[in-house]
Amino acid sequence: MGETEGKKDEADYKRLQTFPLVRHSDMPEEMRVETMELCVTACEKFSNNNESAAKMIKETMDRKFGSSWHVVIGEGFGFEITHEVKNLLYLYFGGALAVCVWKCS
């Protein structure tokens with residue numbers, strides 16, 4: 001019974017955090033808002049497949065803001081990147097899910 005309660009608590013926590021929490025961003029306001037909305041849409045649409053969500057975000061960003069966008073979605077990862085100024089967004093969504101979107105050419 002304890003294991004079932006733990007899973008229920010985790011599901012409740014993920015359901016409560018349905019808004020993106022920006023950890024770091026240097027994007028202009030308009031681009032940041034559009035990118036956040038895109039990340040939320042992709043993560044909700046592909047809630048069980050982070051690879052498909054990342055692909056959707058990358059392809060949309062490439063079309064909308066030019067090529068060379070990169071996206072990482074997952075839990076418990078570290079990174080060190082080089083990016084173009086004004087082209088980085090790092091946020092949390094749905095509990096422990098982290099999304100990092102950046103551009104480098």
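S68 counts as partly exposed, at 24% relative accessibility (buried is under 20% relative accessible area, exposed over 50%, partly exposed in between, with a 1.4 Å probe and protein chains only). This is a predicted model, where local features need pLDDT of at least 70, side-chain atom pairs count only at pLDDT 80 or more, and totals for chains, interfaces and linings use all residues. Residues are numbered from 1 along each chain as its sequence is written, and side-chain values use heavy atoms, without hydrogens and water.

S68 sits in the loop between α3 and β2 (69-74); helices (H or I, at least four residues) and strands (E, at least two) are DSSP runs, numbered from the N terminus. Its phi is positive, about 80°, although S68 is not a glycine. K86 is another non-glycine with a positive phi, about 70°. K86 lies in the loop between β2 and β3 (88-93). It is partly exposed, at 48%.

Now strand β1 (residues 21-25), which holds V22. V22 is partly exposed, with a relative accessible area of 31%. Its contacts (heavy atoms within 4.5 Å) include R32, M36 and L91, leaving aside residues up to four places away in sequence. V22 and L91 are 69 residues apart in sequence, yet their C-alpha atoms are 4.2 Å apart.
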